[in-house]
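Biologist: Could you walk me through this model? I'd like to begin with the strands and then move on to the aromatic rings.

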Amino acid sequence: MFFQHIFESSLAHSSYLIGCQAKGVAMVIDPKRDVDTYLAIAAKNNLKITHIAETHIHADYLSGTLELAELTGAQCYLSDEGGKDWQYEFPHIGLKDGDQIHLGNLIFKVLHTPGHTPESLSFVLIDTPATMDPVMIFTGDFVFVGDIGRPDLLENAAGLIGTKEIGAQQMFKSLQHFLTLPDYIQVWPAHGAGSACGKALGAVPSSTVGYERIRNWALQYQNNESGFITELLEGQPEPPRYFAQMKKLNKIKRPLQTSVPQYPKLSTAEFNKLYQAGTTIIDTRHKFDFAKGYLPGSINIQHNRTFNTWAGWILDYTKPFVLIMDENEKEEIARKLMRIGLDHVAGYITLETIPQLGIPLEQQQLIGFQEMNAVLENPNVQILDVRNTAEFTAGHLPHATHLFVGTIEDNLDKIDRTKELYLHCQSGDRATIAASILAKNGIKDVKIYSASINDWIAKGGILVK
């Protein structure tokens, strides 16, 4: 048996290429959209990708199943569970609980494990030349290392009201089935620490049924279903806005992106034409570089590990946008954007082009601890905390107004423009995004506390609940 775990850190996403070396065939489970990774692994190991499987209709990334099938001719093995609203709308081999997928000498037994979503499947692997006992389970977003999949995404991201309680009940029952599996079976989930598909995912990429039995919080409730449901639904982070779009696109036949896109480099004239037309400008520079001088109306989403998450929160999937980025980072940025289906890139300019545009730059106002601490009790000041709800609830600056960065543009009416505005987040990154969104909407006189909450506490700053 050939096995390789592929981890994509910007989405904390795990996919898998499993092969039968005796027969020279392979299957990919839960592929990302830039599928050249799998083609290279298969070619290097003299394997042909003949099978593609998904554990469920994903919300946090655009699946590469269709791209990989187009390039390899492989069959798609997808869930037919969950009812009519959760059926894939393109040709595939439908899977039900108890079915088997044969890959050379390997057998994958199909388990229907609803909870995270109604159609969710897990795949139990048997390596028949070695043993007829199962050796691995690919759990998708069902069981993670130290956590389980959240059942609230359909309601909170896709707007399907009333589904989270049903999902939590289904999850409780699915976990009882999981607990019947032998302790030695390896657990390989679709996500790790940093994913928004759960609230406490571990950083270790895999586990075992036995280890999860003793350490996973969700497996400690035994017959206490109500306590389990309460704990599962509390404290989940806000699902990124783009999740609803992924749920839609991952069910249907859609335009394919079978290679990493090559964005056009814009001349100053081309850029200025788009800029004057109101095209969204995303500046990917570090927050401190952006603060020193930025194009009016541009939004700062730093090119770091969370770049695609915030791009998915902020950008409109129906409208083109322009990137400002380092030439050396263009392929990595292109991969991150294609992974969440943001394909309407009109082009890019490099950092060196900015001074040539002839557009006067604006600056952000960054402040330190002393200035932030001095205004806490000032009635003429409004402090904007742009962290998520769980962070705000755990402890915030006195008199702060909570305006989550991902939805701040929808809540501009909560900003008191008669007061001096101060803004902060957890570590400074989201504050820069939020301030650039405010500036784009005409609210430019904002002071940003760019240090972290840990720095605030270390210097004696107060937090209240």
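Modeller: Five bridges join β2 to strand β3 (residues 25-29), and these strands run antiparallel; two strands pair if DSSP finds at least two bridges between them, and strands (E, at least two residues) and helices (H or I, at least four) are DSSP runs, numbered from the N terminus. This is a predicted model, in which local features need pLDDT of at least 70 and side-chain atom pairs count only at pLDDT 80 or more, while totals for chains, interfaces and linings use all residues. Residues are numbered from 1 along each chain as its sequence is written, and side-chain values use heavy atoms, with hydrogens and water left out.

Biologist: How many bridges join β1 to β2?

Modeller: Seven bridges join strand β1 (residues 2-8) to β2, and the two run antiparallel. They form a hairpin with four residues between them, where Ala12 in the turn has a positive phi of about 50°. β2 and β3 also form a hairpin with four residues between them, and there Gly24 in the turn has a positive phi of about 70°.

Biologist: Is β2 mostly covered or open?

Modeller: β2 (residues 13-20) is mostly covered, since eight of its eight residues are buried, where buried means under 20% relative accessible area, exposed over 50% and partly exposed in between (1.4 Å probe, protein chains only). In a regular strand the side chains alternate between the two faces of the sheet. Here His13, Ser15, Leu17 and Gly19 are buried on one side of β2, and Ser14, Tyr16, Ile18 and Cys20 are buried on the other.

Biologist: Switching to rings, how many aromatic pairs are there in the whole structure?

Modeller: The search finds 20 aromatic pairs, with rings of Phe, Tyr and Trp (its six-membered ring) pairing if their centres lie within 6.5 Å, and planes under 30 degrees apart counting as stacked, over 60 as edge-to-face and the rest as tilted. One of them is stacked because the rings of Trp310 and Trp313 have centres 6.4 Å apart and planes at 25°. Both residues lie in helix α10 (residues 307-314), three residues apart, about one turn of the helix.

Biologist: What does Trp313 form with Phe404?

Modeller: Trp313 and Phe404 form an edge-to-face pair, 5.0 Å centre to centre with 75° between the planes. The pair links distant parts of the chain, 91 residues apart, with Phe404 in the loop between β19 (400-402) and β20 (420-424). Trp313 counts as buried because its relative accessibility is 6%, and Phe404 is buried at 8%.
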